[in-house]
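Please look over the sequence and the model shown below.

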Amino acid sequence: MTQQISIDEDALRFTFHSGIQAVKYDDWVHYRNQFQNKCCTDNKAVDIIAHNGQITWLCEVKDFRQGRRDPNKPPLEMEIAQKVRDSLAGLVSAQFHANEQTEQQFAKDVLHCQSICVVLHIEQSTGQKQQYHLPDLQDKLRKLLKAIDPHVLVLNKDMPHSKIVWQVAYI
């Protein structure tokens, strides 16, 4: 029996079901030291990558409960699409060139999965007007990422989904 993995991102704790392997990808040594600014420049990364040997989940986390997004940044859906694209390129690089053996093996395992599920986990404050309408955001992401996952999920803590293999709690 494998141990459950928990990953903290912003003020959220993601606890993965037993049998799921998960990492905080943007903390990887390969991403930080070998890929981020050494494969062109300014590569982005999703926060969490998980897999069960058949499905790979690429999960970006946005917690807007304490503040709004900087209006000078590109549209959120464009940022997420870039992070997904750059993360996949980083995984391909890591499977061949990661200096950390655990990162190299994890990248190989992820890239041998049969499907990819892209998830945007977004929390917004409840007391004021929501900054993002989640169905609209999901539609935009599905159009941008159709070649990778035509069924991108946009969820929050209170929106469980059968394809999701983790629970989220506020910390």
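Helices (H or I, at least four residues) and strands (E, at least two) are DSSP runs, numbered from the N terminus. By this rule L120 has its place in strand β6, residues 115-124. The model is a predicted one, in which local features need pLDDT of at least 70 and side-chain atom pairs count only at pLDDT 80 or more, while totals for chains, interfaces and linings use all residues. Residues are numbered from 1 along each chain as its sequence is written, and side-chain values use heavy atoms, with hydrogens and water left out.

Strand β6 belongs to an open sheet of five strands with mixed pairing, in the order β3-β4-β5-β6-β7. Two strands pair if DSSP finds at least two bridges between them. The edge strands are β3 (21-24) and β7 (153-155), each of which pairs on one side only. From one strand to the next the twist averages 20 degrees; angles run from 0 to 180 degrees between N-to-C directions, and axes are lines fitted to C-alpha atoms, for helices over the stretch in contact. In general, strands of a sheet pair through backbone hydrogen bonds, either parallel or antiparallel.

K24 has I48 of β4 as its bridge partner, and Q21 has H51 of β4. On to β5, the pairing of β4 and β5 is antiparallel too, over four bridges, and here the bridge partner of I48 is C59. β4 and β5 form a hairpin with three residues between them, and G53 in the turn has a positive phi of about 95 degrees.

Which residues cover the two faces of β4? I48 and A50 lie on one side and I49 and H51 on the other, and all are buried. Buried means under 20% relative accessible area, exposed over 50%, and partly exposed in between (1.4 Å probe, protein chains only). In a regular strand the side chains alternate between the two faces of the sheet.

Helix α3 (residues 101-111) lies across β3, β4 and β5 (55-64), running at about 65 degrees to β4. Helix α4 lies across β6 and β7 and runs at about 155 degrees to β7.

Leaving aside residues up to four places away in sequence, L120 touches E60, K62, L76, I80, L137, L141, L153, V154 and L155, where contact means heavy atoms within 4.5 Å. L120 and Q4 are 116 residues apart in sequence and 22 Å apart in space, C-alpha to C-alpha. Q138 sits in helix α4 (residues 134-144). With 16% relative accessibility, Q138 counts as buried. Again not counting residues up to four places away in sequence, Q138 touches V152, L153 and V154.

Next comes a pair of helices. Two packed helices are described by the angle between their axes and the distance between the axes. The axes of helix α2 (residues 76-97) and α3 come within 7 Å and cross at roughly 130 degrees. That angle makes α2 oblique to α3: under 35 degrees counts as roughly parallel, over 145 as roughly antiparallel, 65 to 115 as roughly perpendicular, and the rest as oblique. The contact is made by L91, V92, A94, Q95, F96 and H97 of α2, together with Q104, A107, K108, V110 and L111 of α3. These residues divide into seven nonpolar, three polar and one charged. Ala, Val, Leu, Ile, Met, Phe, Trp, Tyr, Cys and Pro count as nonpolar, Asp, Glu, Lys and Arg as charged, and the others, Gly among them, as polar.

Another open sheet has three strands, in the order β1-β2-β8 with antiparallel pairing. Its edge strands are β1 and β8 (166-170), each pairing on one side only. β1 and β2 pair over four bridges, and S6 stands opposite T15 in β2.

Two loop residues remain. Most residues other than glycine have a negative phi, and most peptide bonds are trans. D10, in the loop between β1 (6-9) and β2 (12-16), has a positive phi near 50 degrees. D10 is partly exposed, with a relative accessible area of 48%. D42, in the loop between α1 (29-35) and β4, has a positive phi of about 55 degrees although it is not a glycine. D42 is partly exposed, with a relative accessible area of 44%.
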